[in-house]
Amino acid sequence: MSSSSTGKRIVFTGGSGKAGRHCIPYLLSKGHSVLNIDLVELPHSTVHTLKADLTDSGQVFNALSSHFHLSHYENPRGPGGVGVEKPDAVIHFAAYARNLLVPDSECFRGNVLSTYNVIEAACKLGIKKVIIASSETTYGVCFAQGDVDYHSFPLEEDYDNDPEDTYATSKLCGERCARSFARRFPGTDIYALRIGNVIEPHEYEPDFPGYVNNPETRKRNAWSYIDARDLGQICDLCVQKDGLGFQVFNATNDTITTKEPTAETLKKYAPNTPVTREMGEYEAPLSNRKIREVLGFKDVHDWRGYVNV
């Protein structure tokens, strides 16, 4: 296993969305170059947006072998007769972002097929690093009907994920596709990020006081979150870390979104759910321990630095 500090060529799908529009600037700040694939333009002067339907396999293969910018037509011809450089990594965030945006059948079709197409094209084009967006919802409570308990705390990557809703099921199918292709193409790293509730910088002041003062409303998110900028850090760490094959990582910040310590919160709001190990005093129930230990993630944007409680 190795880590590289050189800038990479990264294709980012869904980069115009809530998470992507913060992750891409972070990746650029680390010296990477990025091509955004989305149906909506990303307003960024140095990042080109290529509009593509990711449920169309042909468009995906073409997009992943595309120039990153019009200026690249000035590049000299390569051995294959064109001047297109192969990307070093693909980060796939494009998706229907939750249930009830489209009918369930379309949510499942669009999310699963696009993820399959992106992973297949990347692997067959020889791109050795693929990072896909999975979800906190795969832990089975976020979009469950009624008040449902988690199996146990903390929520970690070896959890028995058994969601009942369409969106979360589509994300688990994406993880299975990733695992299959990583086995089929040895030497390819495919990392699935179970992304927590994404918080943008402008959302702390209006939203977090309600989260903190009404903990009962945050059970579906396991009293956890991920700052969109810290998610950019996680993407960069995944790009840099080679040799792990297929992996699943929870992508969350370190701390619980309550004033009370974790043990007290869980005892009060999830009294029937067992705790399987000693947790940190304010450790997020959707634990990021693996991503800290394996990738070296450092929580930069703790909510307590933005909200006066």
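A crossover is called right-handed if, with the strands pointing away from the viewer, the path from the first strand over the helix to the second runs clockwise. Helices (H or I, at least four residues) and strands (E, at least two) are taken as DSSP runs, numbered from the N terminus. In these terms, strand E2, helix H1 (residues 20-29) and strand E3 form a right-handed β-α-β unit. The model described here is a predicted one, in which local features need pLDDT of at least 70 and side-chain atom pairs count only at pLDDT 80 or more, while totals for chains, interfaces and linings use all residues. Residues are numbered from 1 along each chain as its sequence is written, and side-chain values use heavy atoms, with hydrogens and water left out.

Two strands are said to pair if DSSP finds at least two bridges between them. E2 pairs in the parallel sense with E3 (residues 33-37) over five bridges, and Phe12 stands opposite Asn36 of E3. A parallel pairing over four bridges also links E2 to strand E5 (residues 89-92), where Val11 is placed opposite Val90. For accessibility, buried means under 20% relative accessible area, exposed means over 50%, and partly exposed lies in between (1.4 Å probe, protein chains only). Five of the five residues of E2 (residues 9-13) are buried, so the strand is largely enclosed by the rest of the structure. The cover extends to both faces, with Arg9, Val11 and Thr13 buried on one side and Ile10 and Phe12 buried on the other.

A nonpolar core is defined as a set of buried Ala, Val, Leu, Ile, Met, Phe, Trp, Tyr and Cys residues joined through side-chain atoms within 4.5 Å. The largest such core has 32 residues, of which Phe12, Ile91, Phe93, Leu193, Ile195, Leu231 and Ile234 touch the most other members. Two or more residues come from each of E2, H1, E5, E6, strand E7 (189-195), helix H6 (228-240), E11 and helix H8 (289-295). H6 gives the most to this core, with seven residues. In soluble globular proteins, nonpolar side chains tend to be buried together.

Grid points are joined across faces, edges and corners, and a volume is the space filled by probe spheres set on the points. The largest pocket holds about 1000 Å³ of space. Its lining comprises 40 residues, and the closest to the pocket centre are Phe93, Ala94, Ala95, Tyr96 and Ala97. Helix H3 (104-124), strand E6 (129-135) and helix H4 (166-184) each supply at least two lining residues, and the largest share, five residues, comes from H3. For classes, Ala, Val, Leu, Ile, Met, Phe, Trp, Tyr, Cys and Pro count as nonpolar, Asp, Glu, Lys and Arg as charged, and the others, Gly among them, as polar. On this basis the lining of the largest pocket has 18 nonpolar, 14 polar and eight charged residues.

The second largest pocket contains about 200 Å³ of space. H4 provides the largest share of its lining, four residues, and the lining divides into three nonpolar, one polar and six charged residues. Among the lining residues are Glu157, Arg176, Arg194 and Lys290.

One cavity of 30 Å³ or more is found in the whole structure. The largest cavity has about 40 Å³ of space, and its lining consists of seven nonpolar, three polar and two charged residues. Ala222 is one of the lining residues. Ala222 lies in the loop between helix H5 (204-213) and strand E9 (226-227) and has a positive phi of about 55° although it is not a glycine. With a relative accessible area of 1%, Ala222 is buried.

Leu100, in the loop between E5 and H3, likewise has a positive phi, near 70°, in a residue other than glycine. At 76% relative accessibility, Leu100 counts as exposed. Finally, a cis peptide bond with omega of about -5° joins Phe153 and Pro154, and Pro154 is located in the loop between E6 and H4.

Definitions and conventions. On a 1 Å grid over the protein atoms alone, a cavity is a set of points where a 1.4 Å probe fits but cannot get out, and a pocket is an open set with protein on both sides within 12 Å along at least five of seven lines; lining residues have an atom within 4 Å of a point.
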